[in-house]
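Have the model open as you read.

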Amino acid sequence: MPTIEKGEVIKGKILKKDNEYGYLEIGSKGEAKVHANEIEDFKVGDEIEVKIVNIEDNDGYTRASRRAYELEVNIVKIEEAFNKQEIVEGKVEKKVNGGYIVDLMSYKAFMPNSMTGHAVTEGKKAKMVIKEIKDGKVKKIIVSSKEVEAKINSEKLQSFNVGDVVEGTVKEVLEFGLTLNINEINGFVHVSELDWKKVDKIADKYKAGDVVKAKIISIDSEKRSLKLSIKQLKEDPWAKAAEKYSEAKEVKVKVLRTV
């Protein structure tokens with residue numbers, strides 16, 4: 001029977017799975033078993049590559065590990081992505097003191113709060129770049145989603161032009177205006193741009209979650225945000241004032257306030 005070496009990478013076919021282990025056929029070298037949680041994404045009949053971690057356990061099986069194989073292969077991908085500053089994808093596992101723990105290609109990475117973008121959510125995947133890799137007993141990998149978010153938003157911003165009419169969702173109602181979310185880009189409508197008439201209480205007209213249309217009146221590339229106007233989508237009453245009124249014409253008016 002051909003010999004098998006500890007640390008060797010081999011290909012095996014999954015014969016069966018139970019709650020604890022998966023059993024692999026590894027050709028003339030016999031059978032190997034691997035922890036079931038390492039092959040959850042595979043089914044019986046699939047061929048997978050694993051790394052030999054023990055030649056023979058107490059039950060006479062060769063012990064193999066899919067995770068050990070992935071760690072060996074993926075560290076090469078991680079280092080390459082780091083050197084090229086490529087965007088990678090990781091799963092945000094949990095919030096910890098100072099940041100988040102991220103599953104990055106089977107490695108545990110850390111995303112500090114200062115490098116966390118607005119879209120980061122526990123249990124969800126996020127795009128990020130690798131900022132640092134430190135060797136040691138355990139690889140220390142630092143990642144950032146904030147830079148990726150800034151890059152994506154800058155690219156999105158380039159698709160807008162002054163004068164475009166956009167649709168956004170009201171994020172917050174303030175005393176002096178509205179903040180909007182336009183395809184993950186921040187927009188702001190000042191109270192003076194809400195209506196041609198004076199708006200005394202914005203909260204009476206708008207609430208968070210409302211979807212509104214607005215016209216882009218300026219683009220701030222540095223802050224990656226848009227300044228918007230809702231009133232400019234309506235006809236300017238002053239545009240027809242001269243047609244309706246003339247000097248010396250008598251009209252009835254209503255007193256609004258005294259000052």
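Ser 65 sits in strand β5 (residues 62–65); strands here are DSSP runs of E of at least two residues, helices are runs of H or I of at least four, and both are numbered from the N terminus. This is a predicted model, where local features need pLDDT of at least 70 and side-chain atom pairs count only at pLDDT 80 or more, while totals for chains, interfaces and linings use all residues. Residues are numbered from 1 along each chain as its sequence is written, and side-chain values use heavy atoms, with hydrogens and water left out.

Is Ser 65 buried or exposed? Ser 65 counts as buried because its relative accessibility is 9% (buried is under 20% relative accessible area, exposed over 50%, partly exposed in between, with a 1.4 Å probe and protein chains only). Leaving aside neighbours within four places in sequence, Ser 65 is in contact (heavy atoms within 4.5 Å) with Val 34, Glu 38, Val 50, Lys 51 and Val 53.

Now for the barrel: 5 strands close up in the order β6-β7-β8-β10-β9, with mixed pairing (two strands pair if DSSP finds at least two bridges between them). Strands β8 (residues 107–112) and β10 (residues 140–144) run parallel, joined by 2 bridges. Two helices pack on this sheet; angles run from 0 to 180 degrees between N-to-C directions, with axes fitted to C-alpha atoms, for helices over the stretch in contact.

| Helix | Strands touched | Angle with β9 |
|---|---|---|
| α1 (residues 66–84) | β6, β7, β8, β9 and β10 | about 85 degrees |
| α2 (residues 146–157) | β9 and β10 | about 130 degrees |
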